[in-house]
Amino acid sequence: MYRYDEFDHGFVKARVDEFRDQVERRLAGEITEDQFKPLRLMNGVYLQLHAYMLRVAIPYGTLNARQMRMLAHIARAYDKGYGHFTTRQNIQYNWPALSDIPAILDDLASVEMHALQTSGNCIRNVTADHFAGAAADEVADPRPYAEILRQWSSVHPEFSYLPRKFKIAVTGAERDRAAIQVHDIGLHLKKNEAGELGFAVYVGGGQGRTPMIAKKIRDFLPERDLLAYATAILRVYNLNGRRDNKYKARIKILVHETGTEELTAWVEKEFEALKDGELTLPSADVRAIEAYFAPPALPSRPEGENAVRQARLDNRGFDAWLKRNVTTHRHPDYAAVTISLKGTGEAPGDASDAQMEAVADIAEQFAFDEIRVSHEQNLILPHVARADLKTVYDQLVAQGLETANAGLITDIIACPGLDYCALANARSISVAQDISQRFASQERQEEIGELKLKISGCINACGHHHVGHIGILGVEKKGTELYQVTLGGSGDEHTSIGEIIGRGFTAEEITDAIETVVDTYLAWRNGPDETFLEAYRRLGAAPFKQALYGDEAKAA
Amino acid sequence: MTETTTPATTRLWTNEGFRDDDWAHAETVDALAGNSRVILPLAAFLALDDETRSRLGDRIGVHVMPGEALDALVPHLGTVALVSLAFPAFSDGRSYSKAQLLRERHGYEGVVRASGDVLIDQIPLMLRTGFSEFEVSNETALARLGQGRVGGIDFHYQPAATQEPGGPAYSWRRVATV
């Protein structure tokens with residue numbers, strides 16, 4: 001993984017010092033909350049419902065054991081003993097005191113971490129495929145490019161006061177695990193016919209109250225032009241994006257209102273002027289960054305197959321976990337392990353300090369000191385020898401981290417909702433917990449198969465409900481929480497936005513409604529090989545509407 | 001906790017410190033008297049005939065609002081002594097891109113002035129994108145600039161309008177010139 005050099009250390013230290021000074025000025029009343037707000041946001045500090053919230057950047061979701069232990073330490077020393085892993089592969093703490101935050105940032109800096117640009121109207125933490133470097137289907141590791149973008153976007157003097165936040169995601173495989181088509185810029189790393197690396201460039205995707213799928217504006221951008229092209233897009237957006245209405249300020253609205261063709265012309269014109277200038281990436285620099293992400297040397301461990309075969313016969317839990325949470329690695333003796341943070345009845349994405357430390361220990365002993373955070377709010381060990389899977393599993397069991405539900409209905413994405421968030425209209429966590437308990441049976445979940453359920457507590461869609469195969473959106477109606485159900489969304493290479501199925505359900509009704517949707521799928525599917533999403537795409541909404549609303553649906 | 005209030009006094013700051021402002025914002029050239037210099041709104045500047053523009057030469061500057069494009073101004077940049085870019089709110093970042101474009105794209109070597117809600121925390125960014133003068137009225141900004149505390153970070157991860165030496169290791173890095 002990337003290691004800071006003196007330049008990076010100097011930068012982060014200077015940034016922390018600058019923020020410490022800004023906090024002191026705020027506490028002394030020298031600076032208004034309005035003036036302070038964008039400064040604290042760009043340093044990861046939100047003012048939430050009950051307290052300040054600190055969102056720490058985990059660039060492209062990659063971290064090592066030492067960093068994970070520091071996250072555990074922060075949870076214990078400055079918070080209530082847990083942290084919440086987010087859909088941007090970050091971690092957030094819900095209870096730090098503002099006056100402690102500079103000290104937390106110092107602690108983070110000591111392990112080459114920061115909270116920069118995890119919020120605010122700037123270029124946010126760049127995300128990437130959580131299986132990067134391990135996936136069998138990848139053309140190249142997307143993380144070197146994510147790191148270059150992270151550096152280039154850090155305290156960018158021209159792009160720190162954009163109309164609105166700006167999110168970039170990079171994937172290196174045809175199978176999109178980074179949801180690039182719902183990002184402001186989505187980059188698909190690929191090779192052209194000559195075998196050279198470059199990117200398909202997507203612009204203008206996003207969720208929120210106006211979900212839009214990104215438009216491809218370039219089929220192949222050579223690697224060397226990455227920063228020039230990104231600058232062109234950002235400059236067009238900074239100058240032309242709407243600033244009159246924060247709900248219409250994302251680049252997706254600019255793309256929509258301008259038209260893809262016209263906007264592409266603007267970007268290409270700006271790019272022509274920037275091309276071959278000082279932003280051109282020398283191949284040597286890219287290769288130097290790439291070297292940091294060189295995969296660990298993976299010694300041959302052919303004994304793994306037998307060990308696994310025997311152990312899965314002896315232990316049904318292990319067998320279920322192998323099926324769900326272990327992913328094919330490009331090396332046949334290895335696997336990528338998903339550590340589910342979605343235990344039955346727990347808050348999705350939460351991890352205690354002890355759990356974080358246990359994961360750090362396992363990563364050090366069995367996973368080449370590498371951990372990832374997935375945008376689905378789980379942790380990943382990208383390189384584990386199959387021979388060690390049982391030992392890793394047993395250690396996860398000791399921490400309650402062995403839930404075998406990756407990709408199943410209880411692997412729920414949920415935003416913090418009304419329990420924490422100042423923007424929320426409804427609770428998300430309690431709904432996730434209810435559904436998780438209702439579908440707790442492993443057999444039943446396996447029978448249902450792959451099903452991505454995502455919950456947002458308000459229209460801002462932090463829980464990604466628009467791209468859930470089943471999405472739940474919490475709204476407030478006449479003082480009570482109401483939950484709308486969307487069906488058919490997807491955040492992969494065939495991205496689609498879920499459709500609202502009908503009137504909403506109360507907190508008491510919503511779990512029953514989800515069960516009805518699932519039972520309808522089970523009744524109508526063409527056998528177990530047809531996933532929920534495939535069945536929905538074939539059947540459309542009608543049978544689900546009928547099951548949920550009966551004759552009321554026909555009348556409406 | 002007390003909130004700061006913005007005093008009425010505005011002072012002109014440049015990298016060399018505070019100095020008297022020999023420019024005044026005005027709606028029309030009628031304000032010109034003696035050897036004075038005025039900064040006109042873009043529309044008023046463009047409405048002048050060529051004769052007036054060339055006669056007044058470096059006595060007129062142009063004030064550009066965030067929503068106004070630079071395009072119409074570009075042909076005149078060779079004779080305009082000052083371009084003032086507006087910050088009606090410090091959070092409106094359009095003028096950063098315009099400063100960058102004036103310097104880098106159009107090779108403009110005159111004064112680029114930041115006018116409006118100019119606060120201490122944004123001045124380092126403005127300097128990097130090519131602003132050279134600042135109309136400052138915020139109390140904290142006035143105090144800190146007076147003490148020579150401009151702030152900012154010396155490690156830059158991207159080139160900007162200000163020409164700076166390259167940083168270590170990678171082509172995109174730059175280091176501040178002291």
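In this predicted model, strand 19 of chain A and strand 20 (residues 499-500) of chain A pair in the antiparallel sense over 2 bridges, where pairing requires that DSSP finds at least two bridges between the strands. Helices (H or I, at least four residues) and strands (E, at least two) are DSSP runs numbered from the N terminus. The model is predicted, and local features need pLDDT of at least 70, side-chain atom pairs count only at pLDDT 80 or more, and totals for chains, interfaces and linings use all residues. Residues are numbered from 1 along each chain as its sequence is written, while chains are lettered from A and ligands numbered from 1 in the order in which they are written.

- Within the pairing with strand 20 of chain A, Thr486(A) has Ile500(A) as its bridge partner.

**Two residues with positive phi in chain A**

- Strands 18 and 19 of chain A form a hairpin with 2 residues between them, and Lys478(A), found in the loop between these strands, has a positive phi of about 50 degrees although it is not a glycine.
- Lys478(A) is exposed, with 5 other C-beta atoms within 10 Å.
- Ala461(A), which is not a glycine either, has a positive phi of about 65 degrees and is found in the loop between strand 17 (453-456) and strand 18 of chain A.
- Ala461(A) counts as buried, because it has 23 C-beta neighbours inside 10 Å.

**Helix 16 and helix 18 of chain A**

- The axes of helix 16 (residues 510-524) and helix 18 (residues 542-549) of chain A come within 9 Å and cross at roughly 135 degrees, where axes are lines fitted to C-alpha atoms, for helices over the stretch in contact, and angles run from 0 to 180 degrees between N-to-C directions.
- The two helices are therefore oblique to each other, since angles under 35 degrees count as roughly parallel, over 145 as roughly antiparallel, 65 to 115 as roughly perpendicular and the rest as oblique.
- Residues that make the contact include Ala513(A) and Trp524(A) of helix 16 of chain A, and Pro543(A) and Phe544(A) of helix 18 of chain A, contact meaning that the C-beta atoms of two residues, placed from the backbone, lie within 7 Å.

**The sheet of chain B**

- Chain B has an open sheet of 8 strands in the order 2-1-8-7-6-5-4-3, with mixed pairing, and its edge strands, each pairing on one side only, are strand 2 (17-19) and strand 3 (23-25) of chain B.
- Strand 6 (residues 82-87) and strand 7 (residues 111-116) of chain B run parallel and are joined by 6 bridges, and Phe87(B) has Gly116(B) as its bridge partner.

Technical notes. Buried ≥ 20, exposed ≤ 12 C-beta atoms within 10 Å, placed from the backbone.
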